[in-house]
Amino acid sequence: TTRKEVAPLVRHDITSRSGIRFTSACFPGKDWSLAPLQRPEDVAANRPLAQKLSGALHHLGAARAFTPSPVKFNGRVILPEQLLLMLNLGSGTLLFRNQNAPADGTLLRSPRDAGIFSAGGCGMIVAARGEHLAFAHAGRDCVIDRKRVLTGTPSREMESVADYLVSALLLAGHFVKAEDIQIWVFYSIRPDDFLHRYDNEEHGEYNRLIGPDLESRGLGAGCYRSSEGVSLDVPLVIREQFLRRGVPSENISLEHAYLADELPTTRNGGGRYLAAVVRHS
């Protein structure tokens, strides 16, 4: 397989207080959907995509990419060994998947482990505590339980992927408190681009309910209401959710929380860019 390195549009190199070094990045373009790569035999049928993905991961120093299937927006954070299928992308790069275990995140246990997903405006959360590192896809419906907003009945055990991330780290390290967890939010659609219009034919009911719902639960900082609709600031909602789980405010970084203007979203014509985090130590 011929691999051509692919450089990211944005890249951030970060060291946690406990000494874990990692890189987060977004890769430009609109054709990064990973849906064609589900089983080992899919690599041969999608060679250009496999080569491009291998090149992007190699550029960041990754050898193994763990790719939960976030299609259900269920907020779950699973163990990496639950991603049972190994796809050899070539040039020493492996991709781990399992579409039968939908989830938004997983743990990254070793140097050169990566977490990746393709997105159209959904953010990414990276969480560290001690020697443990986790990542998750953080779309609106992973952060806010859509069914609960519409019906009053929760669709999952916990409200947000933020809750599942804290639980996963506490479980992994046998910790009781969340005080030492560090959080970084990356690459979410900006609230200015995320208007939920009241007159939307398909989603008008949800759009009318989401503002009052957030405000009633003390999350009103994450929404801006106008006569047309509600603009959502998903990173601010995420921040408040982590605060409620006991993560101190100084441990939550929104420095790189918003998406670069050049990248596609569902609100500006569509397409899928690639979001990635790679553990280095």
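Let's start with a word you'll need throughout: a residue is buried if its relative accessible area is under 20%, exposed if it is over 50%, and partly exposed in between, using a 1.4 Å probe and protein chains only. Tyr187, for instance, has a relative accessible area of 3%, so it counts as buried. What you're looking at is a predicted model, where local features need pLDDT of at least 70, side-chain atom pairs count only at pLDDT 80 or more, and totals for chains, interfaces and linings use all residues. Residues are numbered from 1 along each chain as its sequence is written, and side-chain values use heavy atoms, with hydrogens and water left out.

Now for the inside. In soluble globular proteins, nonpolar side chains tend to be buried together. Here, a nonpolar core means a set of buried Ala, Val, Leu, Ile, Met, Phe, Trp, Tyr and Cys residues joined through side-chain atoms within 4.5 Å. The largest one has 40 residues, and Ile183 and Phe242 touch the most other members. Several helices and strands (DSSP runs, H or I of at least four residues and E of at least two, numbered from the N terminus) give two or more residues to this core, including β9 (123-129), α5 (161-173) and α7 (234-244). The top contributor is α5, with 8 residues. A second, separate core of 27 residues includes Ile78, Cys122, Met124 and Ala260.

What about the cysteines? A disulfide is a pair of cysteine sulfur atoms within 2.5 Å, and this structure holds 0 of them. For Cys122, the nearest cysteine sulfur belongs to Cys142, 6.2 Å away. Cys122 is buried, at 18% relative accessibility. Cys223 is in no disulfide either: the nearest cysteine sulfur is that of Cys122, 19 Å away.

Next, the rings. Rings of Phe, Tyr and Trp (its six-membered ring) pair up if their centres lie within 6.5 Å; planes under 30 degrees apart are stacked, over 60 edge-to-face, and the rest tilted. There are 5 aromatic pairs. Phe117 and Phe135 have ring centres 6.4 Å apart and planes at 10 degrees, so they're stacked. This pair links distant parts of the chain, with Phe117 in strand β8 and Phe135 in strand β10, 18 residues apart. Both are buried. Phe186 and Tyr187 sit with their ring centres 5.3 Å apart and planes at 40 degrees, so that pair is tilted. Phe186 is buried too, with a relative accessible area of 1%.
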